[in-house]
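Q: Hi! I'm new to reading protein structures, can we look at one together?
A: Happy to, here is the one to look at.

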Amino acid sequence: MADYMVIASGRSQRQLGAMAEHLMAKLKHEGVPGVGIEGAGVGDWVLLDGGDIVVHLFRPEVRRFYNIEKMWGMVLPEPDRVAALA
């Protein structure tokens, strides 16, 4: 598994792509080796795998559908509510 998992939402496929590129550059800059990326071409769910750090980026409706937070029994703010605050 990973030491850290980040789950975040973006408003569009384009925004998720930009977020993924930015995070990938930051992880590489911080010396995280071999960062992998999946789903950037589609932009509904983008996964960045930095080994000890895994980042999931979703569009809000896709995040609601998969509800991966539920796997850990976590109660987190609704993605639409969080996006509205940003």
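Q: What does the accessible surface of the chain come to?
A: About 5900 Å², and carbon and sulfur atoms account for 56% of that. Keep in mind that this is a predicted model.

Q: And how much of the chain is buried?
A: Of the 86 residues in the chain, 29% are buried.

Q: OK, new topic. How many helices and strands are there?
A: The chain has three helices and four strands.

Q: In what pattern do they come along the sequence?
A: It reads β-α-β-β-β-α-α.

Q: Let's pick strand E4. Is it mostly covered or mostly open?
A: Mostly covered: E4 spans residues 53–58, and five of its six residues are buried.

Q: Which sense does the pairing of E1 with E4 have, parallel or antiparallel?
A: Parallel, with six bridges between E4 and strand E1, which is residues 4–9. As an example to find on screen, Tyr 4 has Ile 53 of E4 as its bridge partner.

Q: What about E3 and E4?
A: Those two run antiparallel, joined by five bridges, and E3 covers residues 45–49. Here you can look for Leu 48, whose bridge partner in E4 is Val 55.

Q: How many residues sit between the strands in that hairpin?
A: Three, and in this hairpin of E3 and E4, Gly 51 takes a positive phi near 80°.

Definitions and conventions:
Residues numbered from 1 in each chain as written. Predicted model: local features only at pLDDT ≥ 70, side-chain atom pairs only at ≥ 80, totals over all residues. Heavy atoms only, no water. Buried < 20%, exposed > 50% of the residue type's maximum accessible area, 1.4 Å probe, protein only. Pairing = 2+ DSSP bridges. Areas by Shrake-Rupley, 256 points an atom, 1.4 Å probe, with all protein chains shown as cover.
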